[in-house]
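Please consult the sequence and the structure shown below while reading.

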Amino acid sequence: MRIIGKFSALLFFGALLLAGCGVTDSDTTVYKDLENRSLFELPKEWNLYRADELSLITPIPFVPDMGGYQPISFVAFDGAAGRNLANLNLDVTTSPFPIGAHIIRQISTEEKELLSRRLMARLAYDVTGPGQGVEIDTWDFTFGREFEGIGATVGLTNEDGSSQGLVYLLSVTNPSTTELYSIAAGCSLECFVRERDQIVGAVESWIVNTRQ
């Protein structure tokens, strides 16, 4: 566990609240990608934005250009009261509602050996911008059949240190390490404490098809 800065106590408190959380309400919307590679569930009142819509935003939120790790499939989502692409441009540290993304990336041969746990978190969600990401908890995660990776809770602070946020993510590679699958969601610290059940429930509803 790595905790730094003046917001460490708050981040630690937020991380502790994750234990045992989950969405029990069956009123959900299920997303499954066209290639039948993965699926996840969102609370019915949340908004889902597909790749054709996200292409209207530059840069695409939560899908940073990371060289040899090119996105081949992605969607974004939020828990705002109204559906609007502008919701996705909010700074996570100040967002009053959850925002997140599911991404599948192709891993080039050149970048395969450079993939690390820290980079897997960055590829799931741009946790180094706009605030410096602080991994306050990480763990090994697997779907079985060698689809393995990490889970992480990442704390963010904005540039002037006036606000903080939390991101909860899961990220795995396929057995040949040619593809990276990830899902992440987060918002301001106050929002995360309030919406933690739905955030963690959405992320942990994620399933990757290991029989591709």
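Ser171 lies in strand β8; strands (E, at least two residues) and helices (H or I, at least four) are DSSP runs numbered from the N terminus. The model is a predicted one, in which local features need pLDDT of at least 70 and side-chain atom pairs count only at pLDDT 80 or more, while totals for chains, interfaces and linings use all residues. Residues are numbered from 1 along each chain as its sequence is written, and side-chain values use heavy atoms, with hydrogens and water left out.

Ser171 has a relative accessible area of 0% and is therefore buried, a term that denotes under 20% relative accessible area, with exposed meaning over 50% and partly exposed in between (1.4 Å probe, protein chains only). The side chain of Ser171 reaches the backbone oxygen of Met120 at 3.5 Å. Beyond its neighbours within four places in sequence, Ser171 has contacts (heavy atoms within 4.5 Å) with residues including Met120, Ala124, Gly149, Tyr181 and Trp206.

Because 10 of the 10 residues of β8 (residues 164–173) are buried, the strand is largely enclosed by the rest of the structure. In a regular strand the side chains alternate between the two faces of the sheet. Both faces of β8 are covered: Gly165, Val167, Leu169, Ser171 and Thr173 are buried on one side, as are Gln164, Leu166, Tyr168, Leu170 and Val172 on the other.

Thr157 has Gln164 of β8 as its bridge partner, and Val167 stands opposite Gly186 in β9.

The structure holds 1 disulfide, a pair of cysteine sulfur atoms within 2.5 Å. Cys187 and Cys191 form this link, with their sulfur atoms 2.2 Å apart. The link is left-handed, with -90° about the S-S bond, and both Cys187 and Cys191 are buried.

As to confidence, the protein chain averages a pLDDT (the predictor's confidence in each residue, from 0 to 100) of 84, and 83% of the residues score at least 70. Over residues 1–25, pLDDT stays under 50, and the model has 41 contacts beyond four places in sequence for this segment.

Notes: Two strands pair if DSSP finds at least two bridges between them. A polar contact is a pair of N or O atoms within 3.5 Å; within protein, one must be able to donate a hydrogen and the other to accept it, and residues adjacent in sequence count only if both atoms are side-chain atoms.
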